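Subject: Structure for you, with notes

Hi,

Here is the structure I promised. My notes follow below.

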Amino acid sequence: MDREFLDKLLEQISVSGCEECGQEVVKSHMQPFSDEIWTDEMGDVICILNPESPVRVMLSAHADEIGLLVTRITEEGRIQAIERGGIIHQNYPGQKVRIHTQKGIVYGVVECSRELFKQDNLKASDFLIDIGATSKKDAEAYVSLGDTVVLDAGVRELANGRLAARAFDDRIGVFVIMEALKRARERGCEIGVYAAATVGEETVKNGAYWSSTRIQPTAAVVVDVTNCTDYSRFPNPAVGGDVVLGGGPSLCNSPLASKRLNKKMQECAERIGIHTQREAASARSYTDADEIHFSNQGVPVVFTAVPLRNMHTPGEIADMKDVEGCIEVIAEFLCSFTEP
């Protein structure tokens with residue numbers, strides 16, 4: 001695995017609708033490994049192997065993350081914002097933030113008081129971000145409306161090959177599909193592989209639909225993260241099944257997932273000695289799979305996930321063994337894929 005690539009991806013600020021920084025990293029890194037790279041007006045990046053092949057397997061993972069968007073600057077120079085995606089509002093008061101501006105990164109702190117935590121319905125519009133400005137005019141010299149905001153959290157090494165970071169959801173998926181394309185190339189994969197880093201999944205899910213309609217895939221593999229059930233605050237695991245950190249990539253029993261592709265993915269994992277886990281869903285997956293499945297004249301999809309603790313927080317935790325397993329299973333799937 002290319003840890004330098006992963007760390008660079010995780011360092012970027014790519015709030016939903018403003019994914020350009022992360023996408024530039026993907027394009028730059030994948031140039032030597034791709035036969036073609038497509039982009040579109042919304043910012044999707046599709047790295048392609050064997051574009052001449054009539055068999056096209058789409059790999060999809062979303063490049064965007066949750067965060068805030070600057071909407072207003074007060075007379076006192078405080079920054080106000082709205083959410084982009086499903087943030088957990090209680091994560092923000094008292095925390096340091098990074099604001100992505102045209103002039104570079106501006107640092108700030110979300111104002112905090114005991115009274116703020118007593119609010120029954122805390123909203124992003126309740127936040128006041130202090131960047132050190134003394135007035136509205138002063139703040140406007142640093143920050144503009146439409147700038148994006150994320151919590152100021154770096155990548156940290158934990159014990160046993162585990163990492164903590166902001167926005168593993170779903171930068172880790174983008175990393176997985178790009179590494180899988182690279183390994184498939186090394187192993188002589190002959191089918192068309194279209195690894196799509198999509199935009200907008202956390203908000204409007206436009207990127208997956210746009211990408212699929214352009215690719216017109218034979219089948220699609222969607223990679224996202226999934227909630228572990230092996231930590232203290234997780235709700236009833238009977239809903240979706242047990243998923244543990246370090247237990248291997250997860251496959252989903254879902255009405256959307258192709259049983260044939262699920263079986264093939266499982267066979268690939270067994271053939272190369274990768275342990276997988278199973279979870280269940282009753283309806284839509286709330287991933288890119290939902291849009292891809294209904295695009296074109298219908299696309300068979302299978303989704304695999306990297307187990308994650310503390311999703312949508314600045315301390316998301318992933319196990320690199322799960323990441324490696326996910327990459328290997330998908331690479332094997334690509335190299336052995338044939339049309340039904």
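Let me start with Ser 34. Leaving aside residues up to four places away in sequence, Ser 34 touches Cys 47, Ile 48 and Arg 185. Contact here means heavy atoms within 4.5 Å.

Before the rest, the ground rules. This is a predicted model, in which local features need pLDDT of at least 70 and side-chain atom pairs count only at pLDDT 80 or more, while totals for chains, interfaces and linings use all residues. Residues are numbered from 1 along each chain as its sequence is written, and side-chain values use heavy atoms, with hydrogens and water left out.

Back to Ser 34. This residue sits in the loop between α2 (20–30) and β1 (36–39). Helices (H or I, at least four residues) and strands (E, at least two) are DSSP runs, numbered from the N terminus. Ser 34 is buried, at a relative accessible area of 12%. Buried means under 20% relative accessible area, exposed means over 50%, and partly exposed is in between (1.4 Å probe, protein chains only). Val 302 is 268 residues from Ser 34 along the chain, and the two C-alpha atoms are separated by 23 Å.

Next, the helix α5 (residues 168–186). Two of its packing partners are worth a look.

One is α2. The two helices pack at an angle of about 10°, with axes 12 Å apart. Axes are lines fitted to C-alpha atoms, for helices over the stretch in contact, and angles run from 0 to 180 degrees between N-to-C directions. α2 and α5 are therefore roughly parallel to each other. Val 26, His 29 and Met 30 of α2 make the contact with Val 174, Met 178, Glu 179, Leu 181 and Lys 182 of α5. By type, these residues divide into 5 nonpolar, 1 polar and 2 charged. Ala, Val, Leu, Ile, Met, Phe, Trp, Tyr, Cys and Pro count as nonpolar, Asp, Glu, Lys and Arg as charged, and the others, Gly among them, as polar.

The other is α9 (residues 320–335). Here the angle to α5 is about 45°, and the axes are 8 Å apart. That makes α5 oblique to α9. For the cut-offs, angles under 35 degrees count as roughly parallel, over 145 as roughly antiparallel, 65 to 115 as roughly perpendicular and the rest as oblique. On the α5 side, the contact residues include Ile 172, Phe 175 and Val 176. On the α9 side they include Val 323, Ile 327 and Leu 334. The contact of α5 with α9 divides into 12 nonpolar, no polar and 4 charged residues.

Some backbone points to check. The peptide bond from Asp 169 to Asp 170 is cis, with omega near 0°. Asp 170 is in helix α5. Ala 167 has a positive phi, near 70°, in a residue other than glycine. Ala 167 lies in the loop between β11 (162–165) and α5, and is buried at 5% relative accessibility. Gln 216 also has a positive phi, near 50°. Gln 216 is in the loop between α6 (206–215) and β13 (219–227), and is partly exposed at 46%.

Last, the cysteines. How many disulfides does the structure hold? It holds 0. A disulfide is a pair of cysteine sulfur atoms within 2.5 Å. For Cys 21, the closest cysteine sulfur is in Cys 18, 9.3 Å away, too far for a bond. Cys 21 is partly exposed, with a relative accessible area of 23%. Cys 112 is partly exposed too, at 43%.

Best wishes
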